[in-house]
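Me: Hi! I am new to reading protein structures, and I would like to go through one with you, question by question. Could you show it to me?

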Amino acid sequence: MATKGEKKRKPKRAFGLGQNSDINVTPFVDVMLVLLIIFMVTAPLATVSLKIDIPPAQAPTKPTKPPTYLSIDQNGQISVSFATSATTTEMRPATLDTMASLIAQSLAVPNPTNEQVFIRADQHVKYGIFMGVVNRLQMDGYYKIGLISEEVQS
């Protein structure tokens, strides 16, 4: 028992650790390592490979003949350009049925379906007429079709 002059002392613990306010990072590091391993294993499986035909890295050759144009006016009349000389061209009227043969004559190559045909149409041409021309070109084997546009002037 304690006497009058002695203060009561709390008994000392064997291991007096006190308050620990530090963050325990061990579980955090464990979780991060597991996630790292999961991503390292699954990343190679997630890649998708696509076969892409990239054009060669060489300058295209200059065309020796003028391009072939197919024009559609606002009334739906079709005409095909013919090169009469190196600098001049002539437009000949065509229908959907005669269009492919006129384009083949204009291109004057053994396999005209591998050549590019440019279409220029009036802005007031009905969409159905335009798509009829494009569809007919594709039915006749002309798949390299380019569209000509002009900047609208105000």
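Me: Is Y69 buried, partly exposed or exposed?
Reply: Let's start with the cut-offs: buried means under 20% relative accessible area, exposed over 50%, and partly exposed in between (1.4 Å probe, protein chains only). Y69 has a relative accessible area of 24%. That value makes Y69 partly exposed.

Me: Before we go on, what kind of model is this?
Reply: Residues are numbered from 1 along each chain as its sequence is written, and side-chain values use heavy atoms, leaving out hydrogens and water. Local features need pLDDT of at least 70 and side-chain atom pairs count only at pLDDT 80 or more, while totals for chains, interfaces and linings use all residues, since the model is predicted.

Me: Which rings form the aromatic pair, and is the pair stacked, edge-to-face or tilted?
Reply: Rings of Phe, Tyr and Trp (its six-membered ring) pair if their centres lie within 6.5 Å; planes under 30 degrees apart count as stacked, over 60 as edge-to-face and the rest as tilted. By this rule the count comes to one aromatic pair. The ring centres of Y69 and F118 are 5.8 Å apart and their planes meet at 40°, so this pair is tilted.

Me: How many residues apart in sequence are the parts that this pair ties together?
Reply: Helices (H or I, at least four residues) and strands (E, at least two) are DSSP runs, numbered from the N terminus. Y69 sits in strand 1 and F118 in strand 4, so the parts tied together are apart in sequence by 49 residues.

Me: Where do the buried residues of helix 3 lie?
Reply: The buried residues in helix 3 are F130, V133, V134 and L137. Down the helix axis they fall within an arc of 95°, taken from the directions from the axis to the C-beta atoms. The side turned away carries the exposed G128 and M139. Given that arc, the buried residues of helix 3 line one face of the helix.
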